[in-house]
Structures are given as structure tokens and as C-alpha cells.
Amino acid sequence: MFTLKALQKNKTVKYGVPMLLLVVGGSFGLREFTQIRYDAQRIRKKLDPSLEAKVNVQKQSAMLEEEYEKLKEVNLEEWKNIRGPRPWEDSREYQEQQRARQNKKD
């Protein structure tokens with residue numbers, strides 16, 4: 001005869017069943033919360049119609065041709081690679097040094 005007092009004294013019922021409910025119920029609860037998260041990301045990531053036209057594969061070849069035409073006009077012979085300031089360097093001071101070096105070379 002199991003009575004209510006006997007069930008309350010049983011360690012399996014007292015500690016095991018709540019733990020099992022917590023683990024199993026928690027997994028179902030977390031699944032629902034993560035599904036809400038992914039649904040919100042999917043809604044947020046929808047593209048504007050103007051951007052979607054740019055991403056369209058059929059129009060992409062035409063865009064590449066336009067970019068190629070733009071690059072044809074750029075004079076790459078006079079291009080010079082100039083290093084930017086390091087994080088620990090003062091950018092204004094570095095820019096002044098670069099200008100001074102460039103003026104000396106010219």
C-alpha cells in the first residue's frame with residue numbers, strides 16, 4: 001500500500017521525477033524558443049526589391065560587364081599602395097608623415 005506519505009519519502013519520486021521533468025521539459029521549451037529566434041532571423045533577412053534585383057543571377061552578368069567598363073576607365077599605372085596607421089599610431093601624425101614623404105619623393 002503506497003500512501004501519499006510513502007511517496008513523499010521515496011527519493012526517486014522526490015528528486016528523480018522533478019529532475020527528469022526539468023530535463024525533458026527544458027528541451028521542449030528550448031526548442032520552441034530557438035524556433036522563434038530562427039523565424040525572426042528569417043523575417044529580418046528578407047531583401048529589399050532593389051537589392052534582390054542586384055542579387056538575381058540573370059542580371060548579374062550584366063552587372064559584371066558594367067563593373068568591367070568602370071575599371072577600364074581607371075588608370076592603374078599611377079596607383080600607389082599607401083599603408084594606413086597601426087592601431088597604436090596616431091592617425092593624424094601618421095598622415096602628416098606620409099604627406100611629408102610623398103612631397104620629398106615628388
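A helix is taken here as a DSSP run of H or I with at least four residues, numbered from the N terminus. The model is predicted, so local features need pLDDT of at least 70 and side-chain atom pairs count only at pLDDT 80 or more, while totals for chains, interfaces and linings use all residues. Residues are numbered from 1 along each chain as its sequence is written, and side-chain values use heavy atoms, with hydrogens and water left out.

Helix 2 comprises 34 residues and reaches 49 Å from its first C-alpha to its last, close to the 50 Å expected when 1.5 Å is multiplied by one less than the number of residues. At its N-terminal end, helix 2 is capped by Asn-10, a side-chain oxygen of which lies 3.2 Å from the backbone nitrogen of Thr-12; a polar contact is a pair of N or O atoms within 3.5 Å, where within protein one must be able to donate a hydrogen and the other to accept it, and residues adjacent in sequence count only if both atoms are side-chain atoms.

Salt bridges (a side-chain nitrogen of Lys or Arg within 4 Å of a carboxyl oxygen of Asp or Glu) number four. One of them joins Asp-39 and Arg-42 at 3.4 Å, N to O; these residues are three apart in helix 2 and therefore separated by about one helical turn. Buried denotes under 20% relative accessible area, exposed over 50%, and partly exposed the range in between (1.4 Å probe, protein chains only). Asp-39, at 29%, is therefore partly exposed, whereas Arg-42, at 55%, is exposed.

Definitions and conventions
Helices (H or I, at least four residues) and strands (E, at least two) are DSSP runs, numbered from the N terminus.
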